[in-house]
Amino acid sequence: MSKLVTIYIDGVGYEVPAGTNLVDVAKFYADNDIPVFCYHPKMAPVGMCRMCLVEMGSVEKDKESGAVLLDEQGSPKIRWMPKMQTACTQTVYDGLAIRTNTEQVTEAREDIVEFLLTSHPLDCPICDKGGECPLQNLTMRHGPGVSVFYFEDKMHLAKHVPLGELIYLDRERCIQCARCIRFSDELAGDDVLAFHERGRALQIVTVSDPPFDSKFSGNTTDICPVGALTTADFRFGARPWELKEVPSIDPYGPEGANISLSTRLDRDSGGVVIIKRVMPRQNEYVNEIWISDKTRFGHHHSRHADRLVAPLHREKNTLIETTWDKAFKQIIDKLKGAASVGAIAGPGLSNEDLWELRQLVLAAGGSEKSLGIWPATMSGGEVVKQVGIAKGSNFNTMGKGTVIVLVATDLEEEAPIWWLRAKAARDRGATVVVLNGRPTKMDRYAKFSLRYDFGDAVGAVNSLTAHIVSDSHHKADRAEGFADLQKALKKVKADDRYAAAAEAIAGADNVVVFCGAEGVTLAQHAELMQACANVLILTGHVGRTNNGLIPVWPGANTQGAIDLGYTAEATAELLQNPPSVLIVAGCNPVGEDIAAANLKNADFVVVTSQFDTATTEIADVVLPQQSFAEREGTFTSGERRVQRFYAAQGVIGESLPDWKIFTQVRHAIDKTTAKVSAGAVMAEITKSVTAYSVMGYKNLAQVERQFPDVGGTDQYYGGTAYQNTGGIGVQWPVLAENAEAKLKVAAVTAEKSKAKGLLVVPTTLLYDRGMLFVRSEIMSLRIPPAHANFNPADAQKLKLQDGDTVEMNLEGASLTVQVIVNETIPAGVITLPKCLSEQPGPFVPMVAGSIEKVAQALAATGD
């Protein structure tokens, strides 16, 4: 807790945390909005715009006693500085005094606004920012009303400059605050924007190829204090005052980013409510006020023309439209006579969907061992219950004294908001340790970048543990099974490269471990999770705020699925031995993973989907499911925070939410009362799942005042991120938070593949051809072609060059990809991004079979 000091704002005293920015303090504690343009509470102050000028001084004190000197009225005497100062560059200290309402301050603000408007276009009626524009608001509040400048001296600049395919720049509107440049460089780590020219001709330019090459570019439009930066999909699309904001959650990532869906009745869409844009919604525990471009621009699938609008069933080997009643009857008849039943649930299903699917499978004679998740690449749910990151943890409060460990994950590609927040913690002094088989972007910021051979991730973490134990840095008082682990570690040959990192982890105040699954099999991942838990338990970094394990799950609600009894191990069994009746909900395993080809051997397949996919092609019944934007429900993030999302737009066709589909089928089988709302489903979950006992919708909708206080009518301060009116969510606690509980440590082996040949390692890219994201055509240029990355020496042996096309044989399946020769790829390894091809690929590492160059057809040319 920061020390409190007394400051004086316009003669009134306030107790505030020492060292806090003056603009932030004035707003939060004194309700005094000091106007700003260049300052933003999430970035370092630069004092460029001068809009925040105030009179500043310090309380006079007796030199001998230190007592505050008083004037004739009994108020503290203030020694005022001779000139005004920028408030945004000042942090508070005891005795600081400012005046914000004097004639001198008022004139300064008027002058600054007048200067900014000298070349600013008068196009507010057509500007996308009109109605939520900081410059517009501050001009009305502080502008002089008239100007001494000549209209003929106005600068005319380009008004439609693409900074890439997503963001457009109006150079006339730019006031040169540099917020966009600073955000991209300081926070996103992407030095892709810069100033060009000088003086009044100063302009923003992109300096990257491709242009504005950042996964967070859309955030610059939120923090731009004018209408200079606009997004391609909202430009001239609607007026802010026409929009209704609906709270929602990112449907793609495990971070649980809070978003606001800006909706409006739309004439061109048939007079129904549609999403016009996606905006960030403040949640300082989760995503602060930032979202990735995938979250912002990836919603267009929800109203895509290819959406399924009615149930389908198979007749004479062809899927044809049918009614819901007929589809339900066909499914119910098959379930009642089924010898075995199983389900594979996609990562976009809500907790309510998952619960009703679970109850249906159990009612039809299935078991928890037949509840699978997709993708089926990660394990370790029991480990999370022990040592998951503790309740109340917040990356905002992490800095010096914190160590953040990344194991087997390319965090920016897999969970960009976690990457952004981990980098920000590092910028505040946290130490970053990266363990991976190849370099990733986080290596730029890591103090320790440790490489291991792909397949040996468990061995790498074991090396850390061995150093911790052998150097007597361990704390075994809560460790159940320590003797056996210690015995096993004596056989581990600890890599000396890991010694310094182990010492940093053991001596840290706080440790957070992100555990991914890159380059490991499902069996290896279960061991890797336990290996990470061993490190945390033996160093005492569990059960306390800002300590614990975060699995980098694939998708928005994998944690929720695991909480409700679904496992990747069950999926693996279903792929090997398909049941008589298989329900595939909200995913496309057949189109993504070569291991799923066997699913066609199930006797009867039911698929819920928004689109036709390779998996619907093997289905006997296909049911149209609603998108995240048409229904309500909850997702559970990788930090175990359960959060609500709300219905925002009109329903497409006859589609239904998955929970409603499953509850109606279940009702016909076991005669239980069908649920009538998602809230009723969650009410049943709270009574049946201990961890979710307090997750009723009322609790999940609770909000609190957050710091910094953004999202109000003063968009000049924090931008157009929205205040949180939908709920900040609730985390469930882990076992380690009970100080008396014993925690399991266990010896884990590092079994490596003994197969010979080039090892193909599937990797994750943020922008892929997943069945939902690919429908957002605005992002099509960001999705690379199907490709594989080869080490230069391996490419030379195979006589391959950059840009060649090859056909790879992978355990009997064939995949055609483009060759990229990449020096960062280890020898003997081929990295293969998942879900970029229309052909399924591998989801787990495997040795490549034949690799043959595909002959390139040459265009005939005439003389």
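Q: At what angle do helix α12 (residues 457-470) and α15 pack, and how far apart are their axes?
A: The angle is about 20 degrees, and the axes are 9 Å apart. Axes are lines fitted to C-alpha atoms, for helices over the stretch in contact, and angles run from 0 to 180 degrees between N-to-C directions. Helices are DSSP runs (H or I, at least four residues), numbered from the N terminus. This is a predicted model: local features need pLDDT of at least 70, side-chain atom pairs count only at pLDDT 80 or more, and totals for chains, interfaces and linings use all residues. Residues are numbered from 1 along each chain as its sequence is written, and side-chain values use heavy atoms, with hydrogens and water left out.

Q: What makes α12 and α15 roughly parallel?
A: Angles under 35 degrees count as roughly parallel. The angle here is about 20 degrees, so α12 and α15 are roughly parallel to each other.

Q: Why is C515 called buried?
A: Buried means under 20% relative accessible area, exposed over 50%, partly exposed in between (1.4 Å probe, protein chains only). C515 has 0%, so C515 is buried.

Q: Which residues does L549 contact, leaving aside its neighbours within four places in sequence?
A: Contact means heavy atoms within 4.5 Å. The partners of L549 include V383, I389, C515, C532 and L536.

Terms used. Helix = DSSP H or I, 4+ residues; strand = E, 2+ residues; numbered from the N terminus. Parallel < 35°, antiparallel > 145°, perpendicular 65-115°, else oblique.
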